[in-house]
Amino acid sequence: MALICARSVVQNSFRKLYTSSSSLAKVLDEPINIATGIEKREMLAKAAGNENPFDLRVLKRGKGTKDCPNEIPSATDARIVGCICEEDATAVSWMWLHQGQPRRCNCGYWFKLVYKPPV
């Protein structure tokens, strides 16, 4: 009898905790509620309508002359830029652009950094 009582005491001392997933879903219904830092700023920018908050999409080249260079937005003093010199090229020509110093690519197009406030 003592063995049965001891066993029931031990089994009942380990209470299992069950939570409802529906109550948890109410708190964590959207990823923006749990995101922090730069990820949250990106989500807020996309919710505001800016689909390209970090300017990472491919830009079409304009004239690209020394007097009217292609403007590349950047929130920092320097940025790496890749130029696809020919339409059928399989390689990208990479170069560093620095604030206030327009730079010419090997294909002849000019690029210049333009300040854009960070996200």
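User: How many aromatic pairs does a search of the whole structure find?
Analyst: This is a predicted model, in which local features need pLDDT of at least 70, side-chain atom pairs count only at pLDDT 80 or more, and totals for chains, interfaces and linings use all residues. Residues are numbered from 1 along each chain as its sequence is written, and side-chain values use heavy atoms, with hydrogens and water left out. Rings of Phe, Tyr and Trp (its six-membered ring) pair if their centres lie within 6.5 Å; planes under 30 degrees apart count as stacked, over 60 as edge-to-face and the rest as tilted. Across the whole structure, the number of aromatic pairs found is zero.

User: In what order do the three strands of the open sheet stand?
Analyst: Strands are DSSP runs of E with at least two residues, numbered from the N terminus, and two of them pair if DSSP finds at least two bridges between them. β1 (70-74) and β4 (103-104) each have a single partner strand, so they stand at the edges. The pairing is mixed, and the order is β1-β5-β4.

User: Is proline 117 buried or exposed?
Analyst: Proline 117 is found in the segment after β5. Buried means under 20% relative accessible area, exposed over 50%, and partly exposed in between (1.4 Å probe, protein chains only). With a relative accessible area of 53%, proline 117 is exposed.

Key
Helix = DSSP H or I, 4+ residues; strand = E, 2+ residues; numbered from the N terminus.
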